[in-house]
Structures are given as C-alpha cells and as structure tokens.
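Thank you for making the time this morning.

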Amino acid sequence: MKKVLPLLFGMFICMMPIAQSVEPQVVVHDPWIRWLPGERPNSAAYMTLESKSCGDLVLRAVTSVKVKTVEMHTMDNVDGKMTMRKVKEIRIKPGTQMELKPGGLHLMIFGLPDSFKVGDKIDLTLKFADGTFKTIYAVAKAPQE
Ligand SMILES: [Cu+2]
C-alpha cells in the first residue's frame with residue numbers, strides 16, 4: 001500500500017486543471033555556463049531539467065538579454081569525431097530528468113559580454129511549446145579537470 005499512495009497522489013495532481021498555469025512544470029537544477037581563459041565570445045550552458053509535467057515538456061527556444069544568441073545543440077559522433085548539431089527542441093518525458101552536460105545536449109551561447117568572468121550570472125529564459133516560460137540564471141564556472 002505504501003508504494004501505491006504516492007502514485008495515486010501523482011495521478012490526482014495530473015487531473016487538476018492547469019489552464020491558469022503560466023509557469024512551466026519544470027525544476028531546473030544547477031544551471032552553469034562554462035568560462036574559459038581568454039576573451040572568448042562563445043560558450044555553452046548546462047543544467048538538469050526535471051519535468052513535473054503530466055505530458056511531454058518541450059523546450060522550443062532560449063533567449064537572454066545578456067548575450068546575443070542562444071541555440072540548443074547536441075553532440076554527435078561523426079566518423080569518430082564529436083560534432084555539434086543544432087536541435088529544434090528538447091523533449092522531456094513526464095516524471096523524467098534531462099541532463100544538459102559537456103559532451104551531450106547543451107545551450108550554445110553566442111556573443112558573451114567582454115567583461116564575462118567566473119561568478120557572473122547570465123539570464124536564460126526557457127520557452128516551452130505550451131507557451132510557458134521560465135527565466136533562470138546560469139553562473140559562470142571554470143570547468144574542473
Ligand atoms: Cu554547441
């Protein structure tokens with residue numbers, strides 16, 4: 001019985017009307033952006049997206065006021081070489097987490113401010129297919145070796 005109760009509770013939440021909801025049903029864990037030495041205009045941001053949605057949660061676009069452009073990218077192994085590729089969306093199944101991490105899915109950041117340094121926070125507004133959006137702040141970190 002102990003195992004059944006949380007499941008029933010989850011189903012109850014999913015049946016509640018969410019028409020008035022403007023906040024996406026997502027929890028964002030540890031957003032960070034890679035800082036590398038030298039004045040580099042481009043970088044990548046990473047985070048874990050945890051879906052609290054009853055249906056597929058689809059990230060469609062990301063914008064920022066601090067940088068020029070943000071794209072969603074993935075990495076493919078093409079003939080033994082890791083290559084970046086732009087994706088149109090990032091889809092997260094109900095009750096799952098999607099990890100954006102080095103070597104995999106990431107947010108490609110173009111046009112960082114000249115003053116960009118470790119500890120800076122870059123705003124990222126995640127825009128979902130259902131019209132909801134959420135602004136988070138990725139903190140600049142040097143990648144640990
Ligand atoms: Cu990229």
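Let me begin with a definition: two strands pair if DSSP finds at least two bridges between them, where strands are DSSP runs of E with at least two residues and helices are runs of H or I with at least four, both numbered from the N terminus. Please keep in mind that this is a predicted model, in which local features need pLDDT of at least 70 and side-chain atom pairs count only at pLDDT 80 or more, while totals for chains, interfaces and linings use all residues. Residues are numbered from 1 along each chain as its sequence is written.

Let us look at strand β4, residues 69–78, which pairs with strand β8, residues 106–110, in the antiparallel sense over five bridges; here H73 stands opposite H106. β4 also runs antiparallel to strand β5, residues 81–86, and six bridges join them, with V78 opposite K81. These two strands, β4 and β5, form a hairpin with two residues between them, and D79 in the turn has a positive phi of about 50°.

Now to a loop, the one between β2 (43–51) and β3 (57–63), where S53 is found. Is S53 buried or exposed? S53 is buried, because 21 other C-beta atoms lie within 10 Å, and the cut-offs are 20 or more for buried, 12 or fewer for exposed, and partly exposed in between, with C-beta atoms placed from the backbone. S53 also lies 7.9 Å from P24, C-alpha to C-alpha, although 29 residues separate them in sequence.
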